[in-house]
Amino acid sequence: MSENLDKALAGQENICSDQVAIKHDVVDRMTYRVGKNPAMATKRDWFNAAAYVVRDHMVDHWMKTARSYYQQDVKRVYYFSLEFLMGRTLMNSLLNLNLDQPTRKALHEIGVELEEVRSIEYDAGLGNGGLGRLAACFLDSMATLNLPGFGFGIRYEYGMFMQTIEGGRQVEHPDNWLRYGNPWEFPRPEVLYPVNFNGHVTEYINEHGVKCHCWEDGDDVLAMAYDTPVPGYGTSTVNKIRLWSAKATRDFDLGLFNSGNYVKAVESKNESENISKVLYPNDTTSMGKELRLKQQYFFVCASLQDVLSRYQKQHKNLESLADKVAIQLNDTHPSIAIPELMRVLVDLHHMQWEQAWDITVRTFSYTNHTLMPEALETWSVAMFEKILPRHMQIIYQINHLFLRDVMHQYPGDTDILGRMSIIDEHGGKRIRMSHLAIVGSHKVNGVAQIHTDLMKQTIFADFDRFYPGKIVNMTNGITPRRWLNQANPLLAKLISTHIGCDWITDLKQLQQLSLLVDDADFCAEFASVKRANKERFAAYMLSHYKVVLNVDSLFDVQIKRMHEYKRQLLNLLHVVTLYNRIRHQPDADYVPRTVIFGGKSAPGYMMAKLIIKLINDVADVVNNDPVVGNRLKLVFVPNYNVSSAEIMIPAADLSEQISTAGTEASGTGNMKLALNGALTIGTLDGANVEIRDEVGDDNIFIFGLTTDEVAQLKQNGYNPRDYYDANLELREVLDMIGSGFFSIDEPGRFKPVIDSLLQHGDHYLLLADYASYIACQKKVEDAYRDQQQWMKKAILNVANMGKFSSDRTILQYAEQIWGVKQLVPTE
């Protein structure tokens with residue numbers, strides 16, 4: 001691997017890595033692509049010029065990669081995901097292409113600094129959290145590993161909303177990431193596919209006496225492609241992500257316009273193009289639900305047409321489709337692709353049902369991302385058959401044949417038919433999309449070992465018995481290119497100085513750092529890097545939010561999507577507990593701690609938004625109490641995204657991974673933080689279990705109920721008030737929040753939070769885990785006092801993260817699910 005990487009890097013250097021040529025290219029792009037006199041150019045102009053230079057470097061390899069795929073007639077994998085949280089592209093591409101240093105020097109000679117230019121770029125926020133960031137990591141790994149892999153999704157005009165905190169509350173603003181254009185993408189106006197909705201289905205008998213179906217008289221919209229190249233690291237492979245934008249079949253009604261009805265003239269156009277307008281429209285209304293369903297079908301319909309078009313350029317019939325195409329469904333959002341492929345094969349290509357079904361199942365595989373039954377996606381049958389009438393018929397037929405097989409295997413067991421049916425008959429008919437995805441895929445995977453085990457034992461136990469071997473584990477991973485080499489250049493340089501650069505493409509090489517854990521000089525350098533990263537984050541907070549951080553304090557970080565099961569509230573209960581201890585015993589010796597939150601709540605998720613308000617109200621009291629001083633600070637960082645994560649994660653000392661055992665599928669934030677030298681405090685949930693196995697019990701802080709204990713407690717009857725009555729500190733904390741101590745202007749503001757814990761069952765068992773969590777946090781404090789030992793633990797965390805590379809995950813997918821092979825593009 002090392003020799004291949006060296007050769008690849010040498011080849012990259014020969015392309016145009018010398019700064020003189022890059023300087024010439026940047027000025028050239030400024031003049032002829034941006035259309036500006038360099039003397040009058042803004043920083044954004046220089047960013048665009050630099051981006052065009054980097055993009056042009058990728059294009060030649062991109063073309064060669066595409067040609068080699070066609071010449072070798074390779075099997076390709078298509079990753080269908082409603083989210084791709086790509087973040088900024090400039091630095092990632094420069095590092096992957098080995099152009100970062102010459103570009104930095106070239107820009108400096110022009111009088112522009114790369115750090116200023118890179119900060120101009122908007123985050124491509126086409127995702128909500130871990131799901132979309134996982135998809136982005138996977139694309140990076142597929143290119144780096146020379147795998148023919150492509151992403152398909154939606155080019156949302158407005159990505160995940162921009163979050164501001166106003167009066168302590170989350171306020172959502174449109175994320176207009178395309179306001180200044182996107183220099184990385186290639187519009188493909190010639191790649192247009194029709195997508196239909198509504199209408200009706202006509203049955204007829206063809207000339208062979210076979211019943212056929214025709215879906216007609218619907219509303220149509222066009223899907224237009226936008227391509228963005230995805231370069232691998234240290235290789236000439238460049239893959240792509242193709243995103244779809246909705247376009248109206250006609251721009252406006254000229255007759256209405258000429259008659260003066262200007263609004264009505266463009267109504268149809270606007271309605272059509274709303275489909276790709278916003279990531280995750282609020283689905284608390286029926287119109288919002290319809291739009292979200294239309295988004296899902298829009299992108300899989302266009303993507304399948306594109307996949308089949310590419311396939312048919314080299315193959316005359318569709319019988320071998322599954323031998324040349326693998327489609328991975330990232331969660332259930334794209335699972336409508338299963339009935340859509342059946343519709344195409346049966347209705348349009350007149351294939352027999354049995355053959356079409358065999359091809360479909362061998363083509364698709366499905367990744368599950370949740371264990372919570374309430375989070376599994378379902379659609380109303382009434383709405384579904386209105387918008388996609390033919391697909392509803394196909395799903396009914398799939399379900400009928402599936403239940404027939406279930407009945408044959410379990411004769412007389414009517415309960416299992418109800419449990420396994422794709423159609424949920426209780427409380428109004430609904431389609432269980434996870435059941436559809438399982439039945440229509442040849443492999444189904446969980447994303448951490450405990451998650452996969454629980455899938456088999458709980459929510460999908462019936463399916464595991466019926467399809468032995470179909471459910472497999474693929475523990476998630478993260479790309480070290482983005483999350484260490486790019487996000488933490490100081491640590492990356494330190495590591496490379498001591499063990500070489502091979503770790504960038506072979507993360508297991510980090511194991512060599514274990515040999516340096518008793519090297520005093522290395523430990524001192526490691527500590528210096530951590531402090532420098534904390535100072536960088538403190539400077540960021542000061543310049544952006546006028547917040548002063550104590551870099552000598554323990555940076556206690558919880559950054560993730562705001563959700564009750566992730567238990568940001570439990571973390572906050574600990575903050576108030578510490579606050580009370582300082583108030584009651586101000587002369588005691590405390591480890592200074594800065595507790596840092598970041599994350600967005602879904603716009604319609606009122607409890608999560610109220611918890612954000614509570615965090616900020618507690619912060620207002622704690623941070624301004626003179627008794628507390630610098631011993632405890634609480635900070636909520638607004639608008640958490642990939643770019644802010646790249647600053648926050650290297651600065652973290654403690655990583656909060658505290659979800660209720662059995663609720664988090666995997667988590668990847670835990671991996672990113674540990675890879676950057678943060679110690680984890682967490683439950684035995686998701687990938688925490690495997691992180692503990694890798695780093696060792698002495699280098700992680702585990703607390704709380706296990707999944708078995710959670711199940712047992714709920715079975716025996718959980719009464720949260722018992723914990724409230726038995727624990728004086730807990731009672732004081734909850735009474736303060738509930739009585740208005742932190743909300744004097746509105747004493748009852750946080751009553752719903754307390755009621756959720758004491759009156760409505762404390763669904764995520766915060767009170768049951770409180771005492772264990774507080775005790776575990778005391779162990780954290782005791783460990784942090786001994787900085788030498790803490791740094792050794794941090795080094796061992798970094799050293800043992802090799803398993804959690806997305807390269808390992810993708811190779812497992814390629815070998816065990818997709819059946820695709822690595823190859824190097826031919827020249």
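**Figure 1. N98 in the loop between helix 4 and helix 5.** In this predicted model, N98 lies in the loop that links helix 4 (90–96) to helix 5 (100–110); residues are numbered from 1 along each chain as its sequence is written. Helices (H or I, at least four residues) and strands (E, at least two) are DSSP runs, numbered from the N terminus. Although N98 is not a glycine, its phi is positive, at about 60 degrees. The residue N98 is partly exposed, with a relative accessible area of 22%; buried means under 20% relative accessible area, exposed over 50%, and partly exposed in between (1.4 Å probe, protein chains only).

**Figure 2. D762 in the loop between helix 32 and helix 33.** The loop between helix 32 (751–758) and helix 33 (766–785) contains D762. A positive phi, near 45 degrees, is found for D762, a residue other than glycine. With a relative accessibility of 2%, D762 counts as buried.

Figure 3. C212 is accordingly in no disulfide, and the nearest cysteine sulfur, that of C214, is 9.7 Å away. C212 counts as buried at 9% relative accessibility. C523 is also buried, with a relative accessible area of 12%. Because the model is predicted, local features need pLDDT of at least 70 and side-chain atom pairs count only at pLDDT 80 or more, whereas totals for chains, interfaces and linings use all residues; side-chain values use heavy atoms, without hydrogens and water.

**Figure 4. The chain as the setting of the close-up views.** The chain holds 35 helices and 24 strands. Its C-alpha trace spans about 90 × 75 × 65 Å along the principal axes. For 827 residues, a compact globule would have a radius of gyration near 28 Å, and the 27 Å of the chain agrees with this; the radius is taken over C-alpha atoms, and the globule rule is 2.2 Å times the number of residues to the power 0.38. Buried residues account for 60% of the 827 residues. Of the contacts (heavy atoms within 4.5 Å) between residues at least 6 apart in sequence, 76% join residues at least 24 apart.

Technical notes
A disulfide is a pair of cysteine sulfur atoms within 2.5 Å.
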